Amino acid sequence: MTGLLGLEEVKSALERFGTVEQVRSNRIKVKTIPEKIHEALFRAQTLLACDHLIQISALDNGQSFELIYHLTGPHGTVIAIAIELPRDRPEMPTTSDILPPAGIYERQIYDLLGIVFTGHPNLKRIILSEDWPENEFPLRKDWKPRPKTPYGGVRQEER
Amino acid sequence: MGKITDSLSRRLANWARVNSPWISVFNTGSCNACDIEVIATLMPRFDVERFGILAKGSPRHADILIVTGPVTMKQESRLKRIWEQMPEPKYVIAMGACGASGGVFQGLYHVVGGVESVIPVDVFVAGCPPRPDEIINAVVACLKLMKEDLAQGGREWRQKPVQSPMPGTTTREPGEVPA
Amino acid sequence: MPEVVLPIGPQHPALKEPVNFKVIVDGETIVGLELDVSYTHRGIEKAAEQRDFIRVIPLLERVCGICSHAHAQAFCTGIEEIMHLEVPPRAQYLRTIVAELERMHSHILWLGVAAHVVGFNTLFMWTWRDRETTQDILEEMTGNRMNYGMNEVGGVRRDLKPGQISSILSRLPKLEEQIGKYVGMVRGEETMLLRFRGIGKLSKAEALKYGTVGPTARASGVDYDIRRDDPSIAYAEVPWKVVTDTSGDVYGRTLVRIGELQESLGIIRYCLEHLPEGKIGIPAPKVAPRGEILSRYEAPRGELVHFIRTNDTDRVERLDIRTPTLANWTSVTVSLVNQNIADIPVIVAAIDPCLSCTSRITILSERGRRTAEMTWAQLVDHGQRFYRKWGRS
């Protein structure tokens, strides 16, 4: 395992895409925009020796969708590249061409949150049942399950 | 075994059923702890195979269906189909908290509920997961039911008569606010 | 070729999970692969947003029964870091003991299942019998054989008495001896070598390219182990080694897992002998400050990742779980290409699929040939018959 990446090193490679900050000793977060994510990921792979995609975290923060790509390599530093997608048009080009594991992760995110990854070779249902209705994305904040069922399993009067 | 007026072959078949029940395990979306405890029951430590209990892959050869997991939406129709494929007399053991009501997953969006919401259940085993000893206990309870069913010639003896409410009380559904 | 007589036992379900294979083949070789992971989807991530930090732990422990402590631990590590909690060292050591016991029980379980898949039921029985020792120890420590409710945010819930420590230590040498026997069996047994060697080969470049994690990746020479790269609990203080191999096939993965078994035993022994005194937990605040963390943990199957975002309430705003089996599935599609149908069960079992994360594989060919639908049991059967015939010719 080689040494941790310094903030300056990551900044010089990725600063032109957006803000770079060090959140913990081995975590560096980069904020960028959807148009530049492809190139940012490519640069992280080539210049910063990031050969392992850990996760594509996807969440709905009420106003928009956030996608965070976590990459790491032999240096042990986790580089998180974050983007935001507008709520009314959650679309972005797929990254499975430069990051093959993203193929499965993107399908799961599409199924649960409804973010469309254009150019994905096989964007089909993967985690919800085949008779789950279309356009129902459970992990969105405004999605509620069938009425009168507390979906957390916590009794109604305790909330 | 069974009524004395039954034919010899029928009595033999009943004796074989009770003394060597074949089980089939079906996972309807569980976390696998229950499945592993069922397999641990077949392993040298608890070793139910010496009692004649065999674990068959296909439900068509099984007497007892052990269902694990809270029934997910995807598995609901398959569970029903598996149950229909089993030849009579068939028994269902619903394992664990998940089998009883959905357990810790009760009410989640992809979960239907306990096994009883899909197929009729004969024995519930408590635990999360139930220990192999408790599973053996459940199978023995199931065998007792089987014996009694064969002696009584069916399952009608198991239906409890509907209790009429005591005078002065009203019946209320759970969750309903009393008038 | 000398014929090896195997005591083939009765047909076991052997972790019969909802698995269905649709095989379209070119003779006996496979050309492509498709995937469907929905049988055990329960909606846990959404439910976790509704539960506070005490209630969410039992839910997360039951994401997977085999690696339940892994999920609870990844979550607790994340929340404790967001809350800036300093967990006492005794709690960290106890957590490490339970974590390594879980790794041992999972690897022994896997060894038994892999042996069963190739028809070597004796090893299946022996390994699961020895697994009972680990289950006994876990039951004494935590109260349950699986889904131990040991973790909470801020520490552990149960302590070890001195009598228990010596009792556990006295049982470890026998387990060590049995594990040594497995090494001999795997290395010398003709059936296992035939079915495992050269099957499902994954080169180091492929393993990295497709995002493989855990023993599957380490068997291909990829030197990633979260216990060393991103240590939590007590791994930074305990001396242990990462086990890797270079062969990249199923045999290599078997050796890596057995090596990890031996390492885990060493870690447990060290932790028990050097258990620090002190409290087993600190009271955690009810509300977590606004924050975000990616919590990584080395589950028995590989790198488990919990992404947690909190927003100043008593529950998480988002919990995103990436299980190691999902990361390894792409490598299965790669390593199955141009292999025999008879090897499908072995290759799939070699990544140690955590069944509550995966379910069905549909295998397609580009040219759309004749299809056959087989269940897992049928595939295992086919594999055993194929190799029995092959071995005789």
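Predicted model: local features only at pLDDT ≥ 70, side-chain atom pairs only at ≥ 80, totals over all residues.
User: Where in chain B does Pro89(B) lie?

Analyst: Pro89(B) sits in a loop of chain B, between α3 (73–85) and β5 (91–95).

User: Is the peptide bond from Glu88(B) to Pro89(B) cis or trans?

Analyst: Start with the general idea. Most peptide bonds are trans. The bond from Glu88(B) to Pro89(B) is cis, and its omega is near -10°. Look also at Cys128(B) and Pro129(B). The peptide bond joining Cys128(B) to Pro129(B) is cis, with omega near -5°. Pro129(B) belongs to the loop between β7 (123–125) and α5 of chain B.

User: At what angle do helix α1 and helix α5 of chain B pack?

Analyst: Two packed helices are described by an angle between their axes and a distance between those axes. In chain B, helix α1 (residues 8–19) and helix α5 (residues 132–152) pack at about 165°, and their axes are 9 Å apart. Angles over 145 degrees count as roughly antiparallel, so α1(B) is roughly antiparallel to α5(B). Their crossing is right-handed.

User: Which residues of α1(B) and α5(B) meet?

Analyst: From α1(B) come Asn14(B), Arg17(B) and Val18(B). From α5(B) come Leu143(B), Met146(B), Lys147(B) and Leu150(B). The residues of this contact divide into 4 nonpolar, 1 polar and 2 charged.

User: On to chain C. What span should helix α4 (residues 89–117) of chain C have?

Analyst: Work at 1.5 Å a residue. The 29 residues of α4(C) should then span 42 Å. The end C-alpha atoms are 42 Å apart, which agrees.

User: How many residues of α4(C) are buried?

Analyst: α4(C) is mostly covered, with 28 of its 29 residues buried. Then comes Gly119(C), which follows α4(C) and has a positive phi near 95°.

User: How far does helix α3 (residues 68–83) of chain C reach?

Analyst: α3(C) has 16 residues and reaches 23 Å from first C-alpha to last. That is close to the 22 Å expected at 1.5 Å a residue. α3(C) is mostly covered too: 14 of its 16 residues are buried. His84(C) follows α3(C), and its phi is positive, near 55°.

User: How should I read a positive phi?

Analyst: Most residues other than glycine have a negative phi. Ile233(C) is not a glycine, yet its phi is positive, about 35°. Ile233(C) is in the loop between α10 (226–229) and α11 (250–273) of chain C. Asp312(C) is not a glycine either, and has a positive phi of about 70°. Asp312(C) is in the loop between β7 (302–310) and β8 (316–322) of chain C.

User: Is Ile233(C) buried or exposed? And Asp312(C), buried or exposed?

Analyst: Count C-beta neighbours. A residue with 20 or more other C-beta atoms within 10 Å is buried, and one with 12 or fewer is exposed. Ile233(C) has 25 within 10 Å, so Ile233(C) is buried. Asp312(C) has 10 C-beta neighbours inside 10 Å, so Asp312(C) counts as exposed.

User: Last, chain A. How many helices and strands does chain A have?

Analyst: Chain A comes to 3 helices and 7 strands. Their pattern along the sequence is α-β-β-α-β-β-β-β-α-β. Chain A has 159 residues, of which 40% count as buried. Consider its contacts with a separation of 6 or more. Residues 24 or more positions apart account for 52% of those contacts in chain A.

How values were computed
Residues numbered from 1 in each chain as written. Chains lettered and ligands numbered in written order. Axes fitted to C-alpha atoms, helices over the stretch in contact; angles between N-to-C directions. Helix = DSSP H or I, 4+ residues; strand = E, 2+ residues; numbered from the N terminus. Parallel < 35°, antiparallel > 145°, perpendicular 65-115°, else oblique. Left-handed = near helix turned anticlockwise from the far one by under 90°. Contact = placed C-beta atoms within 7 Å. Nonpolar A, V, L, I, M, F, W, Y, C, P; charged D, E, K, R; others polar. Expected span 1.5 Å × (residues − 1).
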